[in-house]
Amino acid sequence: MAEKYSVLVIHDREWRIGRGVIRWAYAQRSAALRAYAPPDFRVDRFGWDELDWDAVAATNYDLVFNLDYALAGTYATAVRRYLPRSQYVVSFNR
């Protein structure tokens, strides 16, 4: 099935250690969102420490889903600048 929707998920930290991966809470959620996404969704995920907005701008995302609400304002500015046609959603868990 062809991809119909593209989603960028922004999470917290993730480290590759040997053959494994250590993830903080939001990185765990973003990995699950990607693993269980419907077949017509493309889900790209980046930690806030590896996000390159210039590279992201080259992809036309339908949705930017920010899991780290503490950075909501910072990323809102970046989304407006680099992805003006994308919808921006922030998750709030506390």
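Is Asp-49 buried, exposed or partly exposed, and what is its relative accessible area? In the predicted model, Asp-49 is partly exposed, with a relative accessible area of 41%.

The structure contains 5 salt bridges. One of them pairs Asp-49 with Arg-13, and the closest N and O atoms of the two residues are 2.7 Å apart.

The side chain of Glu-14 meets that of Arg-16 in a salt bridge, with an N to O distance of 3.7 Å. A salt bridge is also formed between Glu-14 and Arg-23, where the closest N and O atoms are 2.6 Å apart.

The residues of these pairs were also examined for their accessibility. Glu-14 is buried, its relative accessible area being 14%; this value falls in the buried class because that class covers residues under 20%. Arg-16, by contrast, is exposed, with a relative accessible area of 61%. Arg-23 is partly exposed, at a relative accessible area of 28%. Through salt bridges that share partners, Glu-14, Arg-16, Arg-23 and Arg-45 are joined into one network.

Key: Residues numbered from 1 in each chain as written. Predicted model: local features only at pLDDT ≥ 70, side-chain atom pairs only at ≥ 80, totals over all residues. Heavy atoms only, no water. Salt bridge = Lys/Arg side-chain N within 4 Å of Asp/Glu carboxyl O. Buried < 20%, exposed > 50% of the residue type's maximum accessible area, 1.4 Å probe, protein only.
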